[in-house]
Amino acid sequence: MSLLYSSPPFISTFTNYRSPLLPLPAIPTQRQLGGGRRRRMIKLSASSKLRCSSAMVIDEGCTSSSSYLQEEMLYSRAFWVSKETIAWNVDAGNGLYFLFGSKNATLAVVNGEIQGYDVKIELEQSSETLPKHVIERFPHIRDFKPLQVPRDLVVESLLKYQLAVAILGSGGECTSITGLQLPGILDELFYYSGPLGAVFSSEVVSLYLWAPTAQQVNVLIYGEGEGGDHLEVVPLEESNGVWSAKGPLTWEGCYYVYEVYVYHHSTSRIEKCIANDPYARGLSADGGRTLLVNIDSEALKPESWDRLVDEKRDLVSFSDISIYELHVRDFSARDNTVPSDFRGGYLAFTSQDSAGILHLKKLSSAGITHIHLLPTYQFAGVDDKKGKWQSVDFQTLESFPPDSDEQQASITAIQNEDGFNWGYNPVLWGVPKGSYASNPSGSSRIIEFRKMVQALNRIGLRVVLDVVYNHLHASGPNGDDSVLDKIVPGYYLRRNLDGLIENSTCTNNTASEHSMVERLIIDDLLHWAINYKVDGFRFDLMGHLMKRTMVEARSVLQSLTKQNDGVDGSTIYIYGEGWDFAEVANNGRGVNASQFNLCGTGIGSFNDRIRDAMIGGSPFGHPLQQGFITGLSLEPNDHDHGSNSDVEHTLAVSKDHIQVAMAANLKDFVLTNHEGKEVKGSEISMHDGAPLAYASSPIETVNYVSAHDNETLFDIVSLKTPLNISVDARCRMNHLATSVIALSQGIPFFHAGDEILRSKSLDRDSYNSGDWFNRLDFSYNLNNWGVGLPPREKNERHWPLMKTRLADPSFKPRRSHILAALESFCCFISIRYSSPLFRLSTANAIQERVRFHNTGLSWVPGVIVMSIEDGHEGVPGLSQLDPTYSYIVVIINASPNDITFTSPSLRGKSLQLHPIQMNSGDEIVKGSNYDNSSGSFSIPFRTTSVFVEPRPI
């Protein structure tokens, strides 16, 4: 699943993960070590001669026992990085290095002798270090020893063998041995830029599969998506690592799988793997087989599909984007205004008079430009066949108290058999998820996905796909959900120095630093952009991909044209989570797509700084830690935030962080900080010493305060605020938070339901919490607060805090609160789009025009004052951007009290409350006032007021 976490290093819970497919040596306990010859336990570090990831038993009487060496063959601690170089970090001493290969995978160490090999080649140790280009590609092995492979060796066929490098002593005995990791040499020898997948022509269907380590590949053709015998078995022919076959056009509409005979490092055997096509464009239910489908067929296109590019809402600049994040099933699963057959699926978006679509039309009319859909590719965790789903009776759940644990018990009992999952369990990236289609087999999912995109575009909403290229759900030679690791084992997935799969992203990390992995990612993006006409991509855990991959992806997408591709690539926006942690941290596997590394690329990354400053703490901190809009210092709860001076300091620092974010988190933006010093955004430090700001352009910052991960905005506000304040106060804090995001420079991002006080009953991770905890109600009657304690797995630790709040009826908002929140949200979005000054497109424009007041040592606590200045036609200085307003002042009062703020620099303006706020239903904001003679503003409690200076008519 996605991890919208803070940028400090993430401590992976998977550090000691072992693949269940990899047999490991048993590690004796201290009790088992008694008797016999004296033994000792040692811990080997990464710099040790023989590296191991756990404590090894060393028999001092027999340190090179055959059983130990046989077990060492289960690891892959050497790297074949180029045709002439193998890297290993073991010193041979007086021994010699050898490369062994066995075509049938029969290598074994018996009584110190290596047996079962077909090839034995002596390697020469080099006195040099690894070449620079190798270290750039594989920085994690920079200190390994280079071993030279004979230049005349023909290695292409050898790469299909079981391989090992070993050290042999003077008597020929083996003293050390390990397997090899092959991505380096595979990229060097077998990189391929030609066609892959099923290619349709007027005469034949051609299949292409990149599988350079496979010994044999067949394709099995089936008439149906499941069951029955295959119609044909066709052997593929290999040319330079690419296997291909041709078949008749009558194959269209049939299904196929590949039968790949290949050595698999996880089992140390030649395996017969049954796999889908990595470039699949259609599937049977649950991905059992790949559908032979011509994605360009007219039969798969909705009416006017090829002209959709001309129906999309205009997008002049990426700085004009605003994003609304939505889950396909959440949108309509419980919406009775949607036809029952459409609920929870793609076609719900075509139901133009449903409550959900009417709601989206309101947001679009206010100015929201993009709908970000959570994963819609083929993922695991939800059966594609709806008839297999289990469900819970909602009426029964509604009978339980609001703080009961009965609801979560019922939901979790069926959570892996119902129709809900966020979808961060990728199986095949290039095919729409079958459970969202009316029929998961055949071409329905293709047509219906296109109808969804078309319907959203026609109400003014462009579509962003949530793509998860950082990991795969499954690996190994077996299992229906494993695909890539069956085709080229050990290549697509990132492995550690022991040869075990890295799992820091959740599981089965992919390796975009490998050339054909990068190619697959970029090909997949092009497929969705061209064949489904989507308008953007959000990259899950983008920091686990390489910067090179992201920059190339942006480049190829931007190069698409209406004339050649039917889409305008210049309007495709990409952004993601630039967290820098685990094995990729600090460029550990190459320059990765982290927040700081992406500066200057035009690629957006989520700005966790503004989220944490506004709501308080971080997703890893105590849930009661308050922030700027949740009462820090001004309305303290019972949590110990430190001394009064500590709290005041934290509040002041939070203001600095928010102000920098409101200036698009630009690293060179200059402002006066809480100490009264003029500093750049990059000169302000985070709590861990890292620079606060990282962007060089406003489109590189995606500002947000909530997302699908962690608690909803309403829930986190309800947790952090004092128990004794009113629900009215909490609702206005919700308004405050969304207003700050809406009025900041950069790209604003909102979680579906931010605008209607959405609750998940305090669930901090609802990825598998079913429809019950994830409900969205577009009738505006309920916000889903108080539907029971959230699922035990991720929440039980804080149940006592939650129970107190869920049981209190005063926490639950009424319909009037929900409607007020929606109006407030739409007002601030409309205000954003009422002036281009809120959407400045360059760093220079922001530095010239945006200024913060109420800064320095003598500031009014809880208040942020921002001004944006425009030029005047024909007057030297700033150019004129806005034909309506020449000056804007935004004042955010997070205090529970009315405040007065005076600034001489704001004296003499012709400012008035924005007409949208004057005409709104918020009577409190209408109490905002400005006195031009003194430059004084009066702002009501918990209110964001926008003042504008209209140009003379």
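# Strand pairing, cores and burial in a predicted model

Tyr575 has Gly604 in β28 as its bridge partner. The structure is a predicted model, in which local features need pLDDT of at least 70 and side-chain atom pairs count only at pLDDT 80 or more, whereas totals for chains, interfaces and linings use all residues. Residues are numbered from 1 along each chain as its sequence is written, and side-chain values use heavy atoms, with hydrogens and water left out.

## Overall dimensions

The protein contains 22 helices and 40 strands; helices (H or I, at least four residues) and strands (E, at least two) are DSSP runs numbered from the N terminus. For 953 residues, a compact globule would have a radius of gyration near 30 Å, and the value of 30 Å for the protein agrees with this. That radius is taken over C-alpha atoms, and the globule rule is 2.2 Å times the number of residues to the power 0.38. Along the principal axes, the C-alpha atoms fill a box of roughly 95 × 65 × 65 Å.

Of the 953 residues, 63% count as buried. Buried denotes under 20% relative accessible area, exposed over 50%, and partly exposed in between (1.4 Å probe, protein chains only). The protein exposes about 34,600 Å², of which carbon and sulfur atoms supply 48%; accessible areas come from the Shrake-Rupley method with a 1.4 Å probe, and for residues only the protein chains shown count as cover. Among contacts (heavy atoms within 4.5 Å) with a separation of 6 or more, residues 24 or more positions apart account for 73%.

## Nonpolar cores

The largest nonpolar core has 219 residues, and those with the most contacts inside it are Trp80, Ile86, Trp210, Leu360, Phe537 and Phe539. Helix α16 (residues 727-743) gives the most to this core, contributing 10 residues. A nonpolar core is a set of buried Ala, Val, Leu, Ile, Met, Phe, Trp, Tyr and Cys residues joined through side-chain atoms within 4.5 Å. With neighbours within four places in sequence left aside, Phe539 is in contact with Val467, Tyr469, Leu525, Leu545, Met550, Ile574, Tyr575, Gly576 and Glu577. Another core, of 17 residues, lies apart from the largest one; among its members are Phe318, Trp579, Ile699 and Val702.

## Sheets

Strands of a sheet pair through backbone hydrogen bonds, either parallel or antiparallel. Two strands are taken to pair if DSSP finds at least two bridges between them. The table lists several such pairs.

Arg851 stands opposite Ser867 in β34.

## Selected residues

His914 occupies the loop between β37 (912-913) and α22 (915-918). Its relative accessibility is 1%, and His914 therefore counts as buried. Not counting residues up to four places away in sequence, His914 touches Ile831, Ser834, Tyr885, Val946, Phe947 and Val948.

Val517 lies in helix α10 (residues 515-531) and is buried, with a relative accessible area of 1%. Beyond its neighbours within four places in sequence, Val517 is in contact with Tyr491, Tyr492, Ala511 and Ser512. From Val517 to Phe596 the separation is 79 residues in sequence and 23 Å in space, C-alpha to C-alpha.

Ala820, in helix α20 (residues 815-832), is partly exposed at a relative accessible area of 33%. Ala820 and Ser559 are 261 residues apart in sequence, with 43 Å between their C-alpha atoms.
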